[in-house]
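Here is a short briefing on one protein model. Look at the sequence and the structure first, then read the points below.

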Amino acid sequence: MRRRTLLQTIVSTLPLLPMARVRLSAQVRRLTPESVAMLHEVGGTVLPASIGTDRVSLIVDRFVAWAHEYEEGVALAHGYGHPRLAKAAASPVPDYIAQLSALGAAASARGGAFSSLSLDVRRTLLTEALASAKVTDLPSRPAGRHVVADLMAYYFRSSEANDQAYRARIGRQVCRPLALTTRRPAPLA
């Protein structure tokens, strides 16, 4: 075999190697227990108190499950008139861990655990964190810019939050029979 033929064979087989899979499997894919605990503390500040602490905890747990199950490169739906298909970005979990750790450090610098600080101080810390991440509005879906904005988008853009806001079982993003769309929604219990 000639040297040129050998080099051509090697170069042509490189794209077939599973390099992307090796890189992906080395990434952090799960939030640490400390990050989850911090996220629960943050959830009590940014999610509505009117839904109760048990519901806030459940929503945070669902968000954590969403983060753990996140898959990058998945095709996202594109609207009418948008010829390009967008794909899901890289997993935000490593950034979430760093952001939650930074919030914990900022809370410690202010005198204790995040949940032990006054509501005004917690809001100030969250406002500063969102400003440093240049988050100016709530994304339509968790977008990975900051974990606090993503947690809020996860809840406030949901059917559950819509129902809570109107105090009725609307089921905005739930598949329902056409006959139900002509009736007034039932009130929440």
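## Loop and tail residues

K134 is exposed, because its relative accessible area is 61% and exposed means over 50%. The model is predicted.

**Positive phi angles**

- K134 sits in the loop between α6 and α7.
- K134 is not a glycine, yet its phi is positive, at about 60°.
- R167 is not a glycine either, and it has a positive phi of about 55°.
- R167 is found in the segment after α8.
- Is R167 buried or exposed? R167 counts as exposed because its relative accessibility is 60%, and the cut-off for exposed is over 50%.

**Helix α8**

- Helix α8 covers residues 159-166.
- The buried residues of α8 are S159, A161, N162 and D163.
- These buried residues pack against α7.
- R167, with its positive phi near 55°, follows α8.

**Where α3 meets α5**

- Helix α3 spans residues 33-46, and helix α5 spans residues 93-109.
- The axes of α3 and α5 come within 9 Å and cross at roughly 65°.
- The crossing of α3 and α5 is left-handed.
- Which residues make the contact? From α3 come S35, M38, L39 and V42. From α5 come I97, L100, L103 and G104.
- The residues of this contact divide into 6 nonpolar, 2 polar and no charged.

**S101 in helix α5**

- S101 lies in helix α5.
- S101 and M38 are 63 residues apart in sequence. In space, their C-alpha atoms are 8.0 Å apart.

**The nonpolar core**

- In soluble globular proteins, nonpolar side chains tend to be buried together.
- How many residues does the largest nonpolar core have? The largest nonpolar core has 33 residues.
- The residues with the most contacts inside this core are L31, L39, V42, L103 and V148.
- The elements that give two or more residues to the core are α3, α4 (53-69), α5, α6 (119-132) and α7 (147-156).
- L31 touches V36, L39, V64, A67, H68, V93, Y96 and I97, leaving out residues up to four places away in sequence.
- L39 and V42 of α3 and L103 of α5 also belong to the contact between these two helices.

Notes
Residues are numbered from 1 along each chain as its sequence is written. This is a predicted model: local features need pLDDT of at least 70, side-chain atom pairs count only at pLDDT 80 or more; totals for chains, interfaces and linings use all residues. Side-chain values use heavy atoms; hydrogens and water are left out. Helices (H or I, at least four residues) and strands (E, at least two) are DSSP runs, numbered from the N terminus. Axes are lines fitted to C-alpha atoms, for helices over the stretch in contact, and angles run from 0 to 180 degrees between N-to-C directions. A crossing is left-handed if the near helix is turned anticlockwise from the far one by less than a right angle, and right-handed if clockwise. Contact means heavy atoms within 4.5 Å. Ala, Val, Leu, Ile, Met, Phe, Trp, Tyr, Cys and Pro count as nonpolar, Asp, Glu, Lys and Arg as charged, and the others, Gly among them, as polar. A nonpolar core is a set of buried Ala, Val, Leu, Ile, Met, Phe, Trp, Tyr and Cys residues joined through side-chain atoms within 4.5 Å. Buried means under 20% relative accessible area, exposed over 50%, partly exposed in between (1.4 Å probe, protein chains only).
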